[in-house]
Amino acid sequence: MSPTKEIQIKLFGAFREFSADGTLVLTVTGQESAYEVKNLLTQKLSEKEKVKFDVKALVAKSVLATDSKVLDDADLAGHLNLSLLPPVCGG
Amino acid sequence: MIQVDMINEVIDLNKILTGLNPSEHGAQIIFSGAVRNHNEGKKVLAVSYDAHQVLAKNIFQQISEEAQNKWGPDLSIYLVHRLGRLEVGEVSVVIIVSSRHRDASFQGSRYLIEQLKIRAPIWKKEHYAEGDSEWLQGHALGEQKATS
């Protein structure tokens, strides 16, 4: 069994409703793809009581990012702090 | 010149404009976005803005540099977005672009607001007269076209 580690996910927009401090801790092996991390997030968020929308659909449209850039699968390894960014609507 | 910012306070346009217009520039476009009192048939009272501030400022800088690459390095850009709860009529975003001639300012200004809408990690929650609130659906990062 692979060793696991905890990563911190910052939540924004509609996802903020799930956590008072705007973060979520996820246990991963570090080998997961972005798709797999998003599936883990869907599971974790779906357990929350405040679900008012289709979590799976919104996570699917969201991306993972660091403080400097949006990540793809190849960039994911090694980051202990990520952000989950739903579709944007500034202005 | 490029200046970008995200702030929680009221955007003071007069303060921003002081000293912004270089003397070699004959054109200046000021775009101001404000909270509208309705959306999709619902009466809106206010909007709360959320953002990934560090990444958003990086994106502001990136799109500003792209504008300078397209319309010339002397394009002068000031871009500020407000966060927190804004009532109807309050200004949420200001983009000021100046250049030697008007065409670059018009095009640069339009480019910046369109790119901001589809690339900057900013979200808004509308508060309605009926008492409910809703996070607006936006553009998935990576999609190409802004609609409003």
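Reply: What follows is a chat about the sheets, the helices and some charged side chains.

Me: Before we start, what should I know about the model and the numbering?

Reply: This is a predicted model, in which local features need pLDDT of at least 70 and side-chain atom pairs count only at pLDDT 80 or more, while totals for chains, interfaces and linings use all residues. Residues are numbered from 1 along each chain as its sequence is written, chains are lettered from A and ligands numbered from 1 in the order in which they are written, and side-chain values use heavy atoms, with hydrogens and water left out.

Me: ok, chain A then. What is the order of the strands in its open sheet of four?

Reply: The order is S2-S1-S4-S3 in chain A, and the pairing is mixed. The edge strands, S2 and strand S3 (63-65) of chain A, each pair on one side only, and neighbouring strands of this sheet are turned by 35 degrees against each other on average, direction ignored. Helices (H or I, at least four residues) and strands (E, at least two) are DSSP runs, numbered from the N terminus, and two strands pair if DSSP finds at least two bridges between them.

Me: And in which sense do S1 and S4 of chain A pair?

Reply: Strand S1 (residues 5-11) and strand S4 (residues 81-85) of chain A pair in the parallel sense over four bridges, and A:Leu11 has A:Leu84 in S4(A) as its bridge partner. Strands of a sheet pair through backbone hydrogen bonds, either parallel or antiparallel.

Me: Which strands does H1(A) lie across?

Reply: H1(A) lies across S1, S2, S3 and S4 of chain A, and runs at about 120 degrees to S2(A). Axes are lines fitted to C-alpha atoms, for helices over the stretch in contact, and angles run from 0 to 180 degrees between N-to-C directions; contact itself means heavy atoms within 4.5 Å.

Me: I clicked on A:Glu32. Where is it found?

Reply: A:Glu32 is found in the loop between strand S2 (23-28) and helix H1 (34-46) of chain A. A:Glu32 is buried yet has no salt bridge, since the nearest side chain of opposite charge, A:Lys5, is 7.4 Å away. Buried means under 20% relative accessible area, exposed over 50%, and partly exposed in between (1.4 Å probe, protein chains only), whereas a salt bridge is a side-chain nitrogen of Lys or Arg within 4 Å of a carboxyl oxygen of Asp or Glu.

Me: Then what does the side chain of A:Glu32 reach?

Reply: The side chain of A:Glu32 reaches the backbone nitrogen of A:Thr29 at 2.9 Å, and also that of A:Gly30 at 2.9 Å. Leaving out residues up to four places away in sequence, A:Glu32 touches A:Val37, A:Leu40 and A:Leu76.

Me: Switching to chain B: what is the strand order in its open sheet of four strands?

Reply: In chain B the order is S1-S5-S7-S2, again with mixed pairing. The edge strands are strand S1 (2-7) and strand S2 (27-34) of chain B, and neighbouring strands are turned by 5 degrees against each other on average, direction ignored.

Me: How many residues of S5(B) are buried?

Reply: Seven of the seven residues of S5(B) are buried, so S5(B) is largely enclosed by the rest of the structure. S5(B) pairs with S1(B) in the parallel sense over six bridges, and with S7(B) in the antiparallel sense over six bridges; B:Tyr78 stands opposite B:Ile96 in S7(B).

Me: Back to charges. How many salt bridges does the structure hold over all chains?

Reply: The structure holds 10 salt bridges over all chains. One of them joins B:Arg100 and B:Asp74, with the closest N and O atoms 3.0 Å apart, and this pair links distant parts of the chain, 26 residues apart.

Me: Is there one that involves S5(B), and what is B:Arg82, buried or exposed?

Reply: B:Arg82, which is among the residues of S5(B), is buried, with a relative accessible area of 8%. The side chains of B:Arg82 and B:Glu90 meet in a salt bridge (2.9 Å, N to O), and B:Glu90 counts as partly exposed at 22% relative accessibility.

Note on methods
Lys, Arg positive; Asp, Glu negative; His and termini not counted. Polar contact = N/O pair within 3.5 Å; in protein donor to acceptor, adjacent residues only side chain to side chain.
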